[in-house]
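Student: I would like to go through the terms used for this model one by one, and to see each value set against its definition.

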Amino acid sequence: MKGTNAKMSEYSCAIALASLDRWNKTREHYAEIQEIALGISNSIGFNVHNAMSSGLVNPYWALLPEDPEVTKRIRDYSQAIGFETRLWWDKGCHAMPAFRQIVRGSLKTTEDLCERYIGLPFHLQLPSTYWEYIEKVLGDSLDG
């Protein structure tokens, strides 16, 4: 089986350790923007990934529309206006070249979620104007 035995460089480790000194402030900032993202998600009627919906602070915003066609509409509209989104799980690791030949059972749930989960930009440097913009992008993509 193909895989990796990745290591963190000393420099990366030093940056990670130094960032822990600011963790409480970073966590607060993520909690603030997560609350905004949840409000937008809820107002449009979309579920989000479990970490966000259960209140865990995390650096991701992934919507979960009920219908894969809605995900496709959001992606198509976003691409047309130059706003980046991504299928959160792509097509699943079982579809990757390294894993395609591995014998497996049905992955119907995985394949369903891969078609519906959509990742949106979500990081601590987003400008305050982003939230109105993303709400408009999502609304416009659903209207069209």
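Student: Why is the crossing of helix 2 and helix 6 called right-handed?

Tutor: In this predicted model, where local features need pLDDT of at least 70, side-chain atom pairs count only at pLDDT 80 or more, and totals for chains, interfaces and linings use all residues, helix 2 passes helix 6 in a right-handed crossing. A crossing is right-handed if the near helix is turned clockwise from the far one by less than a right angle, and left-handed if anticlockwise. Residues are numbered from 1 along each chain as its sequence is written, and side-chain values use heavy atoms, with hydrogens and water left out.

Student: What makes helix 2 roughly parallel to helix 6?

Tutor: Helix 2 and helix 6 (residues 130–143) pack at an angle of about 20°, with their axes 11 Å apart. Axes are lines fitted to C-alpha atoms, for helices over the stretch in contact, and angles run from 0 to 180 degrees between N-to-C directions. Angles under 35 degrees count as roughly parallel, over 145 as roughly antiparallel, 65 to 115 as roughly perpendicular and the rest as oblique, so helix 2 is roughly parallel to helix 6.

Student: Which residues make that contact, and how do they divide by class?

Tutor: With contact meaning heavy atoms within 4.5 Å, Ile33, Ile36, Ala37, Ile40, Ser43 and Ile44 of helix 2 meet Trp131, Ile134, Glu135, Leu138 and Leu142 of helix 6. These residues divide into nine nonpolar, one polar and one charged, where Ala, Val, Leu, Ile, Met, Phe, Trp, Tyr, Cys and Pro count as nonpolar, Asp, Glu, Lys and Arg as charged, and the others, Gly among them, as polar.

Student: Why is helix 4 called oblique to helix 6?

Tutor: Helix 4 and helix 6 pack at an angle of about 120°, with their axes 9 Å apart, and that angle makes helix 4 oblique to helix 6. By class, their contact has eight nonpolar, two polar and three charged residues.

Student: How do you know that Asp76 and Lys72 form a salt bridge?

Tutor: A salt bridge is a side-chain nitrogen of Lys or Arg within 4 Å of a carboxyl oxygen of Asp or Glu, and the side chains of Asp76 and Lys72 meet at 2.7 Å, N to O. Both residues lie in helix 4 (residues 68–81), four residues apart, about one turn of the helix. The structure holds four salt bridges.

Student: What makes strand 1 and strand 3 edge strands?

Tutor: The open sheet of four strands has the order 1-2-4-3, with antiparallel pairing. Strand 1 (47–48) and strand 3 (86–87) each have a single partner strand, so one side of each is left without a neighbour in the sheet.

Student: How do you know that strand 2 and strand 4 pair?

Tutor: Two strands pair if DSSP finds at least two bridges between them, and three bridges join strand 2 (residues 61–64) to strand 4 (residues 118–120). In strand 4, Leu120 is the bridge partner of Trp61.

Student: How many helices and strands are there?

Tutor: The protein has six helices and four strands, where helices (H or I, at least four residues) and strands (E, at least two) are DSSP runs, numbered from the N terminus.
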